[in-house]
Amino acid sequence: MLLGLFFMLNLLWPDYLYAMHISEGILPLSQALFWFLLSVVVIGLAYFYLKKSLSEFPERKALFAFATALVFLLSCLPIPVPFVGTCSHPVGVSIAVMLLGLGGGIISGFIVLLLQAFLLSHGGLSSLGANIFSMAVVGSFTAFLSLILLKRFSLSPFLIGLAMGILSDWATYLTTAFQLALALSGNTPLGSILYKALLAFLPTQIPIGLLEGLIAGGLATALAKRRKDLLIWEV
Amino acid sequence: MALKRKLITLFLSFSLIFFTLSLGLSLATEEAKWQGLDEAVIGKIASEHGREPKESFLALEGDLELFMFSLLSGLSGIVVGYYLRKFLVEHTHASFSGK
């Protein structure tokens, strides 16, 4: 109820609900097509992987609905960062990876970005491929790689969730900064634009990434206590 | 124990309401503050390099944006709440009653 109230009150000011997405008109057509095609290939592979996994464990279909809805809520929530004076939102795909694996994370992120682009006009249609690649693909891959590495050290679910959340968030914004730098590097070297974008992202995204890690770690702890079987690394 | 929990819930509720209202007021009064990163960073850097961000082809106008945000967030909130209860509460009750 509290969370519902919080989301509702935040949504009363929709004009300020900005996202991290690259807007319409920033990417050159050739790069927009490149990111789109790359994302389509990865999404195709992720879809088959997820389909196989859901046919093996049909009870996980409910988890997929839950994870996608949660990723949607988190990625629509602009969180103000005090002192910096900007807002940003968590990515959320690490939670989907935690529950469904890599394929689930990618497809959940893809559905969320599609809904945001078509129904909420967040991010542009021409930049949809780039936004899918940074958030759904790179975010999920980073969360999954962190999980594979950390699982070996028998860490607590909280620490695994924390690392997955933080790293997937930061990797998403690192990719966005790279995509932006690539799009704008004509007369200016790519490195200098990348450096500038990263410096501008850092003050907002370091605390947001930590917050995302805490959310993912908290959920992992709650599930480990009551429903261990729902965590992908316990299956 | 129950009283303590109620007090904590009450405190958290008021803190959240206060925080959200303060945020809303600051947003309403200060135009340039609390911009999202897409505007404050991506849009700004793109404009500096001669690529002005354009409005989305599917831009929502007027209260339609508020309607869509409220509807989709409300629906996803219901889905999250429903399944969270199903996974954590109902499953635990079923386990205890031996079902």
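Visitor: Where in chain A is Ser121(A) found?
Guide: In the loop between α4 (93-119) and α5 (128-151). Keep in mind that this is a predicted model.

Visitor: What about its phi?
Guide: Phi of Ser121(A) is near 45 degrees. That is a positive value in a residue other than glycine.

Visitor: Is Ser121(A) buried or exposed?
Guide: Buried. Ser121(A) has 20 C-beta neighbours inside 10 Å, and 20 or more counts as buried.

Visitor: And Ser154(A), where does that one lie?
Guide: Ser154(A) is in the loop between α5 and α6 (157-184) of chain A. Its phi is positive, near 40 degrees, and Ser154(A) is not glycine.

Visitor: Buried or exposed?
Guide: Ser154(A) counts as exposed, because it has 7 C-beta neighbours inside 10 Å. The cut-off for exposed is 12 or fewer.

Visitor: Let's zoom out. How many helices and strands are in chain A?
Guide: Seven helices and two strands. From the N terminus on, the order is α-α-α-β-β-α-α-α-α.

Visitor: What box do the C-alpha atoms fill?
Guide: Roughly 55 × 40 × 35 Å, along the principal axes.

Visitor: What share of the residues is buried?
Guide: 53% of the 235 residues in chain A.

Visitor: And what share of contacts is between residues 24 or more positions apart?
Guide: 75%, counting the contacts in chain A with a separation of 6 or more.

Visitor: On to α2(A). What span should that helix have?
Guide: Helix α2 covers residues 29-56 of chain A. Its 28 residues should span 40 Å at 1.5 Å a residue, and the end C-alpha atoms are 40 Å apart, so the two agree.

Visitor: Which residues of α2(A) are buried?
Guide: Ala32(A), Trp35(A), Ser39(A), Ile43(A), Ala46(A) and Leu50(A).

Visitor: Why would residues three or four places apart point the same way?
Guide: Because an α-helix has 3.6 residues a turn.

Visitor: What do the buried residues of α2(A) pack against?
Guide: Against α4, α5 and α6 of chain A.

Visitor: New topic. At what angle do α3(A) and α4(A) pack?
Guide: About 55 degrees, with the axes 8 Å apart. The two helices are therefore oblique to each other. α3(A) passes α4(A) in a right-handed crossing.

Visitor: Which residues meet there?
Guide: From α3(A), they include Leu63(A), Phe64(A), Val71(A) and Phe72(A). On the α4(A) side, Leu99(A), Leu100(A), Gly104(A) and Val112(A) are among them.

Visitor: And how do α6(A) and α7(A) pack?
Guide: Helix α7 is residues 190-226, and α6(A) packs with it at about 155 degrees, axes 6 Å apart. That makes α6(A) roughly antiparallel to α7(A). The crossing of α6(A) past α7(A) is right-handed.

Visitor: Last stop, Met98(A). Which helix is it in?
Guide: Helix α4 of chain A. Met98(A) counts as buried because it has 28 C-beta neighbours inside 10 Å.

Visitor: Which residues is Met98(A) in contact with?
Guide: Leaving aside neighbours within four places in sequence, they are Gly161(A), Met164(A), Ala216(A), Ala220(A), Leu231(A) and Ile232(A).

Visitor: How far apart are Met98(A) and Gly161(A) in sequence and in space?
Guide: 63 residues in sequence, and 7.6 Å in space, C-alpha to C-alpha.

Terms used: Residues numbered from 1 in each chain as written. Chains lettered and ligands numbered in written order. Predicted model: local features only at pLDDT ≥ 70, side-chain atom pairs only at ≥ 80, totals over all residues. Helix = DSSP H or I, 4+ residues; strand = E, 2+ residues; numbered from the N terminus. Contact = placed C-beta atoms within 7 Å. Expected span 1.5 Å × (residues − 1). Axes fitted to C-alpha atoms, helices over the stretch in contact; angles between N-to-C directions. Parallel < 35°, antiparallel > 145°, perpendicular 65-115°, else oblique. Left-handed = near helix turned anticlockwise from the far one by under 90°.
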